[in-house]
Amino acid sequence: MYNRKAFKKSAKIAVKNHILIYIVSLIVSAVLGIAYTSSIDIFTINEDISLWIQYYQSETNQDVDEMLDNIPTSGGISLYSKLKSVWGELAQGKINEMKDKTQQEIQQTVDKDAAIKENVILGRSQGVFSSIVNYISSGQILVSIILLFKNITGSDNAAIVLFILLSFVVLMAVWIFFFNIFSIIYKRIFMEGRIYKEVPIQRFAYIFKSGKWCKAAMTMLLKDVYEILWLFTIVGAFIKKYSYFMVPYIVAENPDISPNTAITLSRKMMRGHKWQCFVLSWSFILWEILDFFSYGIIGAIYLNPYKEATFAEYYVYIRNLAKENGIENIDLLNDKYLYEIPDEEVIKATYKEEYELVNKPLPEYKKKKGIIGFLNNTFGITLFYGKEDEIYQEHMSQVIAIKHVNSVVSGKTYPIKMSKVYDASKENMVKKWIRDLRYMRHYSVVSLVMMFFAVSFIGWIWEVILHLIEDGRFVNRGVLHGPWLPIYGAGGILILLLLFKFRKNPVLEFITAIIVCGVVEYFTSWYLEIAHNGKKWWDYTGYFLNLNGRICAEGLLVFGLGGIAFVYIVAPMLDNLLRKISMAILVPICIALIIIFMVDKIYSNEHPNEGKGITDYALSEEASFYNQDREESVCLQSFYHQYMSY
């Protein structure tokens with residue numbers, strides 16, 4: 001029986017239980033332009049201010065350009081307008097004009113940023129992030145594409161035609177295979193949130209992991225085509241929207257359904273219910289008014305999730321009616337456990353291996369005591385490998401596995417193995433790979449020393465190769481003279497040890513890895529300047545999102561991702577290899593490496609490695625600034641030298 005109040009009551013409970021993932025999914029939908037775009041209206045306020053200032057300038061004849069320059073434009077809308085304008089000019093054949101215009105705009109941005117003496121956090125003159133921001137915001141990315149076509153064809157007209165065709169194809173492909181798919185994804189999230197207490201973030205990849213990505217995309221495309229065609233009729237423009245209302249819900253339940261079948265099924269399910277759905281949509285009108293005056297804030301944080309959760313309840317109501325009436329092909333909507341939590345016996349049968357693991361006694365692991373126990377339990381350090389460490393690995397592997405499956409076997413999360421599109425072979429392959437790595441482990445002192453030098457050497461190779469590519473010559477990078485950059489090794493080992501407690505949570509590990517890398521890089525930069533009379537081995541001034549020129553966003557992002565790869569993949573693999581080598585061989589190698597390293601360190605304190613390509617790059621005037629405190633010119637390094645050359 002149709003009960004609008006009951007739908008909304010259930011929706012409020014679901015929103016309360018899953019507010020965060022609901023908000024995120026719908027904000028992403030708004031940014032992609034799929035639905036609920038009013039949620040990002042707040043970002044257009046700055047444009048309104050700009051228009052008012054321009055009007056004031058025209059009325060008073062006062063120069064307020066400086067005021068306009070200081071107003072940050074909204075990211076999505078302003079960027080879209082800029083790219084649309086550049087695209088229009090290029091489509092009209094103004095290729096050379098736009099080439100000069102965009103290059104001039106980028107150069108003005110770089111000059112303005114480089115001319116500022118004090119540090120600018122949102123730098124636009126150096127680094128990859130800055131280059132990307134300038135390249136896209138100026139529209140030069142479009143100019144580069146059309147120039148490529150011009151070089152290939154040798155004709156302006158042919159280049160313009162290819163440019164327009166490519167733009168159309170790319171936009172259509174992105175919309176069909178990515179943007180439009182997201183409407184199915186967030187419907188699935190809301191449908192699971194109805195009865196399950198937890199909706200994992202992995203659901204954002206549901207369609208892609210199902211293997212039915214293209215079929216789902218074609219279904220949504222066909223729906224859009226039908227709706228566009230119906231716009232040419234007076235009645236259809238208003239009615240057919242509700243005829244196809246259930247299509248994304250149907251595909252969210254069964255991505256393997258054929259496009260025509262999904263559309264026909266939606267049309268039959270909504271027969272006699274279109275006015276009902278229209279009234280349900282307008283029942284939120286008072287909330288919509290409040291949302292309008294809040295510039296979309298109320299919608300983003302409550303109204304939109306509330307509406308979508310209500311429509312999920314309405315879909316279930318319509319689906320049940322269709323089941324009762326025996327509509328043709330309704331049996332294809334057969335995801336039973338999307339609507340009811342399975343019994344314990346059913347879970348046991350499907351998740352037999354996982355259920356046995358949950359109930360299997362954990363390997364008995366006794367924590368060590370004293371100083372060794374403190375190092376063992378706090379930092380994951382052990383002096384030498386023993387039987388206890390093998391037991392610990394087995395113990396933690398089982399604990400992690402239990403954590404992943406416990407929410408399913410306890411009925412808190414949708415049992416993905418019971419889905420009709422579940423691929424057991426892919427899932428088992430991933431599980432085996434993770435199980436073999438066993439990243440929750442203790443590392444011996446010998447293994448840590450060897451990994452420190454291995455990563456330091458890899459870092460040195462990395463920077464030497466980058467400099468070789470950039471300048472075409474070999475340069476021994478770093479403060480020391482040996483083939484190592486200790487800050488790479490130190491950063492990796494610090495992440496491995498200091499973040500031992502966070503290792504079970506990859507998201508938290510990533511965030512804290514960025515913090516650790518930022519602290520290490522910042523204070524290493526500060527120390528080197530103090531110890532070597534203000535000389536710099538790197539300077540990020542002019543990079544986008546930098547702090548005092550010592551650290552920048554793009555560098556920290558690289559180190560955060562590298563740290564995650566090191567903790568969960570590289571370190572376990574290296575440790576597995578090192579465990580196969582006898583300690584009688586590893587210990588002498590460690591001692592020899594430490595002695596050589598200390599000699600290099602002592603010598604480099606008095607005679608640091610410096611010179612061309614290391615501390616004194618000759619760059620253009622726009623890329624340098626004068627430091628009055630030390631009365632010396634400090635050259636800005638290029639992106640390739642951002643990776644902490646200690």
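This briefing walks through a predicted model of a protein, from the whole chain down to single residues. The protein has 646 residues, and 44% of them are buried. Its secondary structure comes to 26 helices and six strands.

**The big picture**

- Take the contacts in the protein with a separation of 6 or more: 76% of them link residues 24 or more positions apart.

- Helix 7 covers residues 140-153, so to speak a run of 14 residues, and spans 20 Å from its first C-alpha to its last.
- That span is close to the 20 Å you'd expect at 1.5 Å a residue.
- Which residues of helix 7 are buried? They are Gln140, Leu142, Val143, Ile146 and Phe149.
- Here's a handy rule for reading a list like that: an α-helix has 3.6 residues a turn, so residues three or four places apart point the same way.
- Just after helix 7 comes Gly154, which has a positive phi of about 75 degrees.

**Where helix 8 meets helix 16**

- Helix 8 runs over residues 156-193, and its axis comes within 9 Å of the axis of helix 16.
- The two axes cross at roughly 75 degrees. Angles of 65 to 115 degrees count as roughly perpendicular, and therefore helix 8 and helix 16 get that label.
- From helix 8, the residues at the meeting point are Tyr186, Lys187, Phe190 and Met191. Across from them in helix 16 sit Pro305, Glu308, Ala309, Ala312 and Tyr315.
- Sorted by type, the residues of this contact between helix 8 and helix 16 are seven nonpolar, two charged and no polar.

**Ser183, another residue of helix 8**

- Ser183 also belongs to helix 8. Is Ser183 buried or exposed? Its relative accessible area is 7%, so it counts as buried.
- Setting aside residues up to four places away in sequence, Ser183 is in contact with Ile34, Met220 and Pro248.
- Ser183 and Met220 are 37 residues apart along the chain, and their C-alpha atoms are separated by 9.0 Å.

**Two loop residues with a positive phi**

- Some background first: most residues other than glycine have a negative phi.
- Tyr36 has a phi near 55 degrees, a positive value in a residue that isn't glycine. You'll find Tyr36 in the loop between helix 1 (4-31) and helix 2 (45-60).
- Asn329 also isn't glycine, and its phi is positive too, near 70 degrees. Asn329 lies in the loop between helix 16 (297-325) and helix 17 (344-350).
- Asn329 has 31%, so it counts as partly exposed.

- Ile341 is found in the loop between helix 16 and helix 17. Because its relative accessibility is 39%, Ile341 counts as partly exposed.
- What does Ile341 touch, beyond residues up to four places away in sequence? Its contacts are Ile195, Tyr196 and Gly411.
- Ile341 and Val408 are 67 residues apart in sequence, yet 9.9 Å separates them in space, C-alpha to C-alpha.

- Ile493 sits in helix 23, which covers residues 486-498. Why does Ile493 count as buried? Its relative accessibility is 12%, and the cut-off for buried is under 20%.
- Not counting residues up to four places away in sequence, Ile493 touches Leu448, Met451, Phe452 and Phe566.
- Ser525 belongs to helix 24, residues 506-531. With 4% relative accessibility, Ser525 counts as buried.
- Leaving out neighbours within four places in sequence, Ser525 is in contact with Trp538 and Arg550.

Notes:
Residues are numbered from 1 along each chain as its sequence is written. This is a predicted model: local features need pLDDT of at least 70, side-chain atom pairs count only at pLDDT 80 or more; totals for chains, interfaces and linings use all residues. Side-chain values use heavy atoms; hydrogens and water are left out. Helices (H or I, at least four residues) and strands (E, at least two) are DSSP runs, numbered from the N terminus. Buried means under 20% relative accessible area, exposed over 50%, partly exposed in between (1.4 Å probe, protein chains only). The expected span of a helix is 1.5 Å times one less than its number of residues. Contact means heavy atoms within 4.5 Å. Axes are lines fitted to C-alpha atoms, for helices over the stretch in contact, and angles run from 0 to 180 degrees between N-to-C directions. Angles under 35 degrees count as roughly parallel, over 145 as roughly antiparallel, 65 to 115 as roughly perpendicular and the rest as oblique. Ala, Val, Leu, Ile, Met, Phe, Trp, Tyr, Cys and Pro count as nonpolar, Asp, Glu, Lys and Arg as charged, and the others, Gly among them, as polar.
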